[in-house]
Amino acid sequence: MNNLTTFYVVRHGESEGNANHTLGVQLENTPFGSSLTTIGVEQAENTARLLGSVHFDKVISSTLTRAHMTAKILAEEKGLFVETTELLKERSRGKIVGDLEKKIAKRLGNIFNEMELMTTEEQVALKDEYGIELRDETTSRIITFLRECAIAYPDKTLLLVTHGAVMRSLLIHLGFGTGKELGSGAIKNAAYFTMKSDGVDFFLGELYNINKVIIKG
């Protein structure tokens with residue numbers, strides 16, 4: 001097929017919030033979130049080496065610091081500027097952070113895992129009360145963005161740096177696994193997958209450091 005856009009979708013390296021839950025809670029609802037840890041920088045550098053031979057025409061990152069730092073590391077040796085967009089931001093927890101998340105996600109501790117075991121009605125109730133972003137909403141915004149990119153940049157290769165829950169939503173949409181098969185830990189820090197699109201259909205390619213993790217309630 002001709003005119004396909006190739007996407008490399010990368011998760012940020014380990015952040016301060018990943019490494020320290022308390023700090024992560026404090027930074028959850030700040031405008032730019034947490035930075036990369038030393039390990040996170042090393043993870044990003046390792047992925048940069050893995051992708052060293054790949055030609056990218058454009059690099060686009062989430063506006064959150066951990067993703068932007070990762071993108072800059074990946075783009076540095078290629079001399080590319082990193083654009084940012086809020087459309088690549090992490091799935092929003094709304095007001096569900098800290099002790100409230102632990103209370104609501106009492107079985108699993110992670111609200112996104114917990115929601116995979118809830119009914120649709122229970123999930124919508126959480127959205128209505130706490131402003132949490134439903135997985136289908138995350139999927140819709142990222143798919144719309146990807147289609148626009150595919151139409152704007154046919155035959156080009158784009159590097160996108162985003163977040164675990166966003167990639168999880170995409171992989172479910174692409175048929176790699178179900179919500180219950182892609183729990184926390186399925187997508188490692190600085191993991192990536194590739195896909196191609198003509199602006200309508202999407203075709204999943206290579207996966208790196210991504211494995212199914214079954215959610216058991």
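## Ground rules

This is a predicted model, so to speak of its limits: local features need pLDDT of at least 70, side-chain atom pairs count only at pLDDT 80 or more, and totals for chains, interfaces and linings use all residues. Residues are numbered from 1 along each chain as its sequence is written, and side-chain values use heavy atoms, leaving out hydrogens and water.

Let's start with S5, residues 187-197 (strands are DSSP E runs of at least two residues, helices H or I runs of at least four, numbered from the N terminus). Nine of its eleven residues are buried, so S5 is largely enclosed by the rest of the structure. Buried here means under 20% relative accessible area, exposed means over 50%, and partly exposed is in between (1.4 Å probe, protein chains only).

S5 runs antiparallel to S1 (residues 5-11), with six bridges joining them; strands pair if DSSP finds at least two bridges between them. Tyr8 sits opposite Thr194 of S5. Six bridges also join S5 to S6 (residues 202-210), again antiparallel, and Met195 has Leu204 in S6 as its bridge partner.

## Positive phi

Ala190, in S5, has a positive phi near 70° despite not being glycine, and it's buried at 3% relative accessible area. In the S5–S6 hairpin, with four residues between the strands, Gly199 has a positive phi near 95°.

## Glu42

Glu42 belongs to helix H3 (residues 38-50) and is partly exposed, at 47% relative accessibility.
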